[in-house]
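Reader: I am new to reading protein models. Please take me through one part closely, then show me what lies around it.

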Amino acid sequence: MHYALNLRTFFYSHYFYLGLRFAAGLVGVTLISLQFTDLHTAMTVCIGALCTALMDMPSPLRHKFNEMSASVLLCSFVTLLISLCAPLHWLLMTMLVLISFFACMMVVYGKKSMPLQLATLFIMTMSMEHSMTATQSFIHTAWFTSGAVAYLAYAMGISWILRHRIKQQVLAEALFELAHYIDIKADFYDTRFNLNEQFNKLVRQQSVLADRQQASRDLILRAHLNAKDAIVVQTHVCMLDLYELVLSTHTDYAQLRLHLADSPVMKTLHDLAWKCARDIESVAYDVTRKKASYPEITYGPELDAIEAELAALQARIAAGKPEQEALAVLRAQRNKIRAIIKMIGELHQASQKAYATTPFWVDADMGPFLSQQKYELRMILSHLRLDSPIFRFSLRVAMAISVGLAVAALLPYAAHSYWIVLTIVIILKPSFSMTKQRRTDRIIGTIIGCVITAVVLHVINSMAVILAMLVLATVATPTFIYLRYRYAAVAVSIMILLQMHLIAPGNNDLIMERLVDTFIGAAVATAFSFVLANWEYQSVPRLVRGVLEVNLRYMQASFDLLQGKGKDDFAYRIERKRLMDSLAALSSALVRMLDEPASKRRAVEDINLFIVQNYLLVAHVAALRAILRRHVVELPTEPVNAMLGISHEQVVRTLSQALDPQAAYIQAQPALETAPSADAVPWSGWPLVQRRIRLLQADAVKIIGYSQTVLRNIA
């Protein structure tokens with residue numbers, strides 16, 4: 001379950017804060033307008049505020065101002081344009097289709113542009129119902145813009161006051177997702193769970209975690225100017241270091257299960273991981289409450305139990321039983337878990353101390369860590385071609401809206417025909433899987449919302465109770481719109497129907513009309529989801545090659561770091577982030593593909609194995625780094641660097657072959673033939689390093705096979 005859906009954390013999440021901010025601003029702007037204008041004008045002002053509120057998301061202040069200002073300008077322009085065209089039906093219909101097309105083309109700018117696209121299409125559908133003269137159109141647009149500007153000023157003021165609080169909430173969300181990631185890893189020690197299924201869960205959660213960590217970076221690393229900001233920066237950096245340690249805990253779980261299946265130590269390892277997850281959650285919980293976090297969980301009994309099992313294994317080996325492999329794996333896990341527990345302690349400490357300066361890389365350019373977005377017209381122009389998925393999506397929406405308008409014109413009632421168009425706009429998304437999920441949520445949410453509203457209006461006569469429910473629905477709509485859309489669909493149906501009941505209480509068919517329009521809009525959107533569709537398998541070759549290219553750069557940065565060639569790990573962190581982002585994009589595409597018709601799925605198992613092997617490559621690098629850190633005092637630098645150099649050449653050569661579509665499949669080569677042997681360099685960490693490098697090289701070879709199989713099957 002998502003952390004924000006838990007009552008213990010819901011009221012401290014940024015989702016709930018967004019709902020409160022949204023509702024307070026919307027109601028406040030409307031009530032102030034009613035003091036100076038009539039109800040009709042106040043509703044126009046309210047809709048202007050609503051369109052701007054759709055862009056009110058956690059963002060750096062400068063970005064938020066730019067994004068919301070763009071909404072004010074674009075939505076005001078669309079309002080004026082549609083109002084001027086409304087008297088001429090043919091011109092209005094033409095303009096609706098053209099605006100729909102260009103609004104959808106804004107998807108080219110990425111996830112951040114989706115609310116702006118929705119706001120544009122929303123005001124387009126709301127404006128098409130009113131036929132006005134030119135003078136009335138300008139006056140109407142002026143009132144609309146005043147509401148939009150009022151909400152912009154309000155939102156910027158609140159965001160400035162709460163700027164540090166929002167950073168804490170976004171950081172806490174990333175910590176909660178890291179805890180969930182560790183919960184999944186804990187189940188690797190439970191023999192009731194299938195290892196392959198656990199890997200699949202882990203990779204999916206890694207995609208979610210990468211997204212939350214990026215949101216945290218974008219807010220926290222852009223501006224950290226005071227002591228309070230320094231706390232969240234240090235906590236954020238500790239979280240990333242902890243994440244790398246968690247990655248390094250990947251081991252031969254099959255070997256552990258084989259040799260220790262009947263031993264209580266497997267449950268002990270599971271319990272230790274579970275406790276680590278709860279410990280991280282406690283930090284996140286305190287961060288959301290603006291409190292310093294202190295350790296409350298003890299790990300002593302579990303660590304003692306592992307030491308006892310290690311001693312028992314050592315005794316059995318001395319008695320001649322072949323359990324050296326299990327001993328080595330368990331001892332390595334013990335060391336990694338101790339390092340994780342220590343890092344969690346540092347995470348607690350990071351939340352306690354207000355640093356005089358931000359503890360981060362001096363004079364480092366944070367740009368590579370942050371989301372970069374340029375809103376240039378040439379980006380849209382470059383996608384004006386039939387093979388562009390975004391161009392096809394835009395055509396699909398424009399055609400669907402045209403059909404929706406035609407169907408609405410045939411209905412016996414026409415008071416709310418824009419509901420059909422609005423339903424199409426909300427349901428029809430760039431990918432089939434997103435459309436499918438949104439359609440289900442929209443239909444179920446609307447049915448529940450209509451039933452609740454019908455019961456309320458039939459049973460309750462108190463105006464105070466109805467107004468209270470209206471305010472509650474207004475808070476719930478933005479709270480759940482990015483968290484659980486089905487709940488938002490329930491809330492928005494209640495909100496709209498109660499508003500219309502208060503404005504025009506005599507319409508008894510309102511709820512039924514709402515249901516019929518929703519079903520019609522959903523049917524049209526479903527039909528057009530197959531028109532000019534862009535199936536996920538078509539983007540997979542590009543994403544696979546992207547992973548391979550980033551992986552090459554990541555391996556270069558990794559071996560430079562492991563061999564001590566750089567002054568810090570800045571370059572390594574950048575490439576690790578890029579690799580995780582590219583894997584997250586491929587993983588998301590795979591998840592969406594599984595929601596598509598069976599005939600449109602390609603190489604599902606091979607894509608999954610390719611993702612897992614790349615993930616394992618990162619885990620082996622993290623493990624190597626942890627080993628070298630742990631043995632830094634007695635480390636024989638020259639022999640280790642020689643071995644790493646040989647491995648680096650082979651891994652890079654292997655991954656380079658994976659990028660060459662003409663490359664023949666290569667066989668795994670004997671690892672480290674010319675590297676110094678353990679006998680030549682008596683060092684306790686030598687076998688661990690050699691084992692990890694052999695695994696790393698073997699996984700690089702497997703990546704070739706899976707990548708070529710994926711590309712071959714899709715082609």
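Author: The protein has a mean pLDDT of 83, and 90% of its residues reach 70 or more. Helix 7 (residues 134-161) has the highest mean, at 93, and helix 26 (residues 686-714) the lowest, at 73. Coordinates predicted with low pLDDT should not be read in detail.

Where is Gln 168? Gln 168 lies in helix 8, which covers residues 163-186. Is Gln 168 buried or exposed? Its relative accessibility is 10%, so Gln 168 counts as buried. Set aside the neighbours within four places in sequence. Gln 168 is then in contact with Val 232, Val 287 and Lys 290. Ser 707 is another matter. It is 539 residues from Gln 168 along the chain, and their C-alpha atoms are separated by 40 Å.

Follow one of those contacts, Lys 290. Lys 290 sits in the loop between helix 12 (265-288) and helix 13 (300-318). Its relative accessibility is 60%, so Lys 290 counts as exposed. Gln 168, at 10%, counts as buried. Lys 290 also has a positive phi of about 60 degrees, although it is not a glycine. Most residues other than glycine have a negative phi. Leu 532 is also not a glycine, and its phi is positive, at about 50 degrees. Leu 532 is found in the loop between helix 21 and helix 22 (540-562). At 27% relative accessibility, Leu 532 counts as partly exposed.

Next, Tyr 285. The charged end of Arg 289 sits over the ring of Tyr 285, 3.2 Å from the ring centre. The charged end of Arg 8 sits over the ring of Tyr 285 too, 3.5 Å from its centre.

Phe 188 lies in the loop between helix 8 and helix 9 (195-220), and Phe 199 lies in helix 9. The two are 11 residues apart. Their ring centres are 5.1 Å apart and their planes stand at 75 degrees, so the pair is edge-to-face. Both Phe 188 and Phe 199 are buried. The structure holds 17 aromatic pairs. Elsewhere, ring pairs join Phe 10, Phe 11, Phe 16, Phe 480 and Tyr 487 into a cluster.

Gln 213 has a relative accessible area of 4%, so it is buried. Not counting residues up to four places away in sequence, Gln 213 touches Ala 174, His 236, Met 239, Leu 240 and Tyr 243.

Last, a pair of helices. Two packed helices are described by the angle and the distance between their axes. The axes of helix 16 (residues 389-410) and helix 21 (residues 510-528) come within 10 Å and cross at roughly 145 degrees. The crossing is right-handed. Helix 16 makes the contact through Arg 396, Met 399, Ala 400, Val 403, Gly 404 and Val 407. Helix 21 brings Ile 520, Val 524 and Phe 528.

Methods: Residues are numbered from 1 along each chain as its sequence is written. This is a predicted model: local features need pLDDT of at least 70, side-chain atom pairs count only at pLDDT 80 or more; totals for chains, interfaces and linings use all residues. Side-chain values use heavy atoms; hydrogens and water are left out. Helices (H or I, at least four residues) and strands (E, at least two) are DSSP runs, numbered from the N terminus. Buried means under 20% relative accessible area, exposed over 50%, partly exposed in between (1.4 Å probe, protein chains only). Contact means heavy atoms within 4.5 Å. pLDDT is the predictor's confidence in each residue, from 0 to 100. Rings of Phe, Tyr and Trp (its six-membered ring) pair if their centres lie within 6.5 Å; planes under 30 degrees apart count as stacked, over 60 as edge-to-face and the rest as tilted. A charge sits over a ring if NZ of Lys or CZ of Arg is within 6 Å of the ring centre and within 35 degrees of the ring normal. Axes are lines fitted to C-alpha atoms, for helices over the stretch in contact, and angles run from 0 to 180 degrees between N-to-C directions. A crossing is left-handed if the near helix is turned anticlockwise from the far one by less than a right angle, and right-handed if clockwise.
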